[in-house]
Amino acid sequence: RAAASPASAVAPGATADGHPVALLANIGGPQDLAAALEHGAEGVGLYRTEFLFLDRAEPPGEDEQVAAYRQVLTAFPGGEVVVRVLDAGADKPLAFLPAPGTEPNPALGERGVRLLRILPDVMLGQLRALARAAEGTSATVRAMAPMVASAAEADWFAANCRAAGLASGVMIEVPAAALRAAELARVVDYFSVGTNDLAQYLFAADRQVAALTGFQDPWQPALLDLVAAAAGAGVRCGVCGEAGSDPALGCVLAGLGVSSLSMAAPALPWVRAALARHTLAQCRAAADAARAESTPKAARAAALAHLPALD
Ligand code: PEP
Ligand code: MG
């Protein structure tokens with residue numbers, strides 16, 4: 001087993017005045033648990049389950065999935081674990097799904113929840129396995145759908161989660177979902193903002209094209225506007241894209257109303273320290289100042305002026 005010991009006594013993430021911001025890890029499977037625990041993760045904000053399915057002729061059986069999910073859940077007694085159902089498409093092809101290889105723009109094609117609606121069996125197996133894995137554990141288990149663009153898609157996923165006895169959430173990574181966050185909040189229990197894809201679709205800039213990395217800068221004020229829209233919709237809202245791993249931006253996201261930050265484990269101590277050194281009022285002032293600017297560089301400088309411990 002990869003997990004050394006269950007989550008231990010690192011203080012939970014919070015601002016200097018005690019406003020909680022859960023600090024969670026992004027993982028690809030049980031092999032990443034040791035690093036998550038070592039860096040004081042309180043739980044998992046994004047379990048990318050596609051790694052269980054890659055390089056295989058057939059999907060993993062339910063028992064195999066139950067074992068993998070249970071290993072993750074038992075590592076965080078009383079913690080939160082968000083499990084994203086399969087996020088496949090022409091950009092992440094799987095041998096046992098019909099090849100959508102003819103799509104001219106895979107990132108804009110039948111990927112994520114769109115593919116799950118066409119081929120629901122894999123997802124239904126995942127939800128059953130997750131519900132079984134959760135039995136007898138004390139973690140708060142949340143299932144999450146990728147690439148949701150509309151309330152109708154969110155509603156479809158939520159109904160399937162309810163049938164399996166699971167809480168449902170959606171990734172906010174398509175601009176339309178952020179813009180209509182209030183509608184989506186009526187049908188699911190929580191959001192997690194995927195800033196990587198959200199930036200890609202917001203700026204129409206392929207995240208894999210090196211020449212366009214400037215658009216992936218999470219300090220883009222337009223991206224912060226969409227995070228604010230999601231965080232203000234009335235359901236718990238985390239961030240699980242790369243944005244959360246920048247300590248100053250972590251403070252800004254807390255100021256926008258985000259309730260958890262999930263990231264690659266090594267960044268957790270830095271973000272924890274930055275939050276602990278600033279009040280929620282400072283985080284809010286930093287967020288307002290960043291959104292008032294027009295470029296990522298100016299947004300970062302304006303935010304830092306309100307975050308003296310990072311200046
Ligand atoms: C994202 O899009 O920001 C995200 C967290 O998901 P992935 O990187 O797996 O697409
Ligand atoms: Mg994504």
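Predicted model: local features only at pLDDT ≥ 70, side-chain atom pairs only at ≥ 80, totals over all residues.
A residue is taken as buried here if 20 or more other C-beta atoms lie within 10 Å of its own. Five of the five residues of β3 are buried, so the strand is largely enclosed by the rest of the structure.

What surrounds β3 in the sheet? On one flank sits β2, which runs parallel to β3 and is joined to it by three bridges; here R48 stands opposite R84. On the other flank, β3 pairs with β4, again in the parallel sense, over five bridges, and E80 stands opposite T140 of β4. Strands of a sheet pair through backbone hydrogen bonds, either parallel or antiparallel.

Zooming out, these strands belong to a closed barrel of eight, running β1-β2-β3-β4-β5-β6-β7-β8 with parallel pairing. From one strand to the next the twist averages 25°. Between β1 (residues 22–27) and β2 (residues 44–48) there are three bridges, in the parallel sense, with I27 partnered by Y47 of β2.

Helices lie across the strands. Helix α3 (residues 62–74) lies across β2, β3 (80–84) and β4 (140–145), and runs at about 150° to β3. Over at β1 and β8 (260–263), the helix lying across the strands is α12 (residues 268–276), at about 160° to β1.

Next comes the nonpolar packing. In soluble globular proteins, nonpolar side chains tend to be buried together. The largest nonpolar core of this model counts 103 residues, and the members touching the most others are V44, V170, V227, A230 and V252. Helix α10 gives the most to this core, with eight residues. As for V170, leaving aside residues up to four places away in sequence, its contacts are M144, A145, V148, A154, F157, A177, L184, V188 and F191.

Which residues surround ligand 1? The shell is made up of L46, R48, D87, E173, G194, T195, N196, D197, C240 and G241. Sorted by class, the shell has two nonpolar, four polar and four charged residues.

Most residues other than glycine have a negative phi, and most peptide bonds are trans. D55 is not a glycine, yet has a positive phi of about 55°. Its place is the loop between α2 (50–53) and α3. Is D55 buried or exposed? D55 counts as exposed because it has 7 C-beta neighbours inside 10 Å, where the cut-off for exposed is 12 or fewer. A204, another residue other than glycine, also has a positive phi, near 50°. This residue is found in the loop between α9 (195–202) and α10 (221–231). With 10 C-beta neighbours inside 10 Å, A204 counts as exposed too.

Methods: Residues numbered from 1 in each chain as written. Chains lettered and ligands numbered in written order. Pairing = 2+ DSSP bridges. Helix = DSSP H or I, 4+ residues; strand = E, 2+ residues; numbered from the N terminus. Axes fitted to C-alpha atoms, helices over the stretch in contact; angles between N-to-C directions. Contact = placed C-beta atoms within 7 Å. Core = buried A, V, L, I, M, F, W, Y, C linked by C-beta atoms within 7 Å. Near = placed C-beta within 6 Å. Nonpolar A, V, L, I, M, F, W, Y, C, P; charged D, E, K, R; others polar.
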